[in-house]
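Please load the model in your viewer and keep the selection panel open, as each stop below begins with something to select.

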Amino acid sequence: MVNVALNRVTATKGRTSPGTGSGSLQCLSAGTEPLTRDGGSRESAAAHLIHAPAVCSSPLLPVNMSVSGMKKQLHKASQLLNERLMGAEGTKMDEDFVKMEKSVAAIQSLLLELLSKSTQLLQPNPAYRAKLSMLNTVSRIRGQGKPQTGYPQTEAMLGECMLHYGQELGAASEFGGALGDVGEALLQVSQARDALDVNTKRIFIDPLQDLCNTELKDIRYQLKKVSGRRLDFDYKRRRRGKIPVEEVKQAWDKFTLSRELAERSMFVLLQNDVDQLSHLSALVTALLAFHRNAHRILLGLHCNLQARRGVTSVTIQTWQPRLLLQQQAGPGSALLQSGVLLPPKPRG
């Protein structure tokens, strides 16, 4: 029986070396899922848990856990095995709690993907994003603050290219001057995009990241505690004849307290939709300000280019071919007199 095997584990804890005992207990979570898929018996499940290998990648129990804490974890594992293998029913949560739990899970998935997509909107190139992340990590480790280099905007790269070749063509070239105007305008657009990047991170990304790191993290911890205390209560309720009534009542009180705390935290999170709405409105305001600035800059550039085209069409020059020898030899030179170089015939 599972209970006999669990008692054997508890009784032999003092005779087990620290490495072996902790290893067999640490593989508790690793052995639960394969047993569920294979559909083995309770005796084979207990034997697998007792004789589990000493090396485990995801420890469930800390090495320095007390005997009472170890027994409680074993009780939870026993109840979990009964529910998964034998189809035992545990304590059901009420419908409102389940709905709030699903809503919180949806909000968590939403925020994780929303933060990722927002960063991709501001910084589309993944290679540059990885480089900036590495620079930020190195600077934080060295205590140097934020690095001076920012994300290279595409408008800035195109504008610098146009400015460079506009200077090479010179001021005498109309195309070179136009390249300089467009390059300067694109640099201004890139500065507006940098401002959008900073504002969006401050008013949208950072508040949502703080929400994930504070409220949602606490709710996940509380839900995990509710699940563990529910397993402990169901195990003691199932063995009510062998466990004192006071322990069963104490387990029930702990379970209800954890459930109330988790339910209250989820209720507060779901009621604060106005805060998330304000963050979303701030994002739209920042995007609108960027596009207005870009529209103003590009509209002024368009007017300048139209004026430049009008001046160029008025002052256009016609090309007249001239022979090199005719330029070197004057009208009374010996080449013209000897007939080697004849003067051009008039047209018409």
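Predicted model: local features only at pLDDT ≥ 70, side-chain atom pairs only at ≥ 80, totals over all residues.

If you then colour by burial, buried residues account for 31% of the 348 residues in the chain. Of the contacts between residues at least 6 apart in sequence, 78% join residues at least 24 apart.

Next, select residues 67-85, which form helix α5, and compare its end C-alpha atoms, which lie 26 Å apart, with the 27 Å that its 19 residues should span at 1.5 Å a residue; the two values agree. Show the side chains of α5 and look for its buried residues, among them Met 70, Leu 74, Leu 81 and Leu 85, but also His 75, Lys 76, Asn 82 and Glu 83. Following α5 you come to Gly 87, whose phi is positive, near 75°.

Now select helix α6 (residues 95-122) together with helix α9 (residues 174-213), whose axes are 10 Å apart and which pack at an angle of about 165°. Because that angle is over 145 degrees, α6 is roughly antiparallel to α9. The crossing in which α6 passes α9 is left-handed.

Which residues of α6 and α9 make the contact? On α6, display Leu 111, Leu 114, Leu 115, Ser 118, Thr 119 and Leu 122, and on α9 display residues including Leu 196, Asp 197, Phe 204, Ile 205, Leu 208 and Cys 212. Coloured by class, the contact of α6 with α9 shows ten nonpolar, four polar and one charged residues.

Key. Residues numbered from 1 in each chain as written. Heavy atoms only, no water. Axes fitted to C-alpha atoms, helices over the stretch in contact; angles between N-to-C directions. Helix = DSSP H or I, 4+ residues; strand = E, 2+ residues; numbered from the N terminus. Parallel < 35°, antiparallel > 145°, perpendicular 65-115°, else oblique. Left-handed = near helix turned anticlockwise from the far one by under 90°. Contact = heavy atoms within 4.5 Å. Nonpolar A, V, L, I, M, F, W, Y, C, P; charged D, E, K, R; others polar. Expected span 1.5 Å × (residues − 1). Buried < 20%, exposed > 50% of the residue type's maximum accessible area, 1.4 Å probe, protein only.
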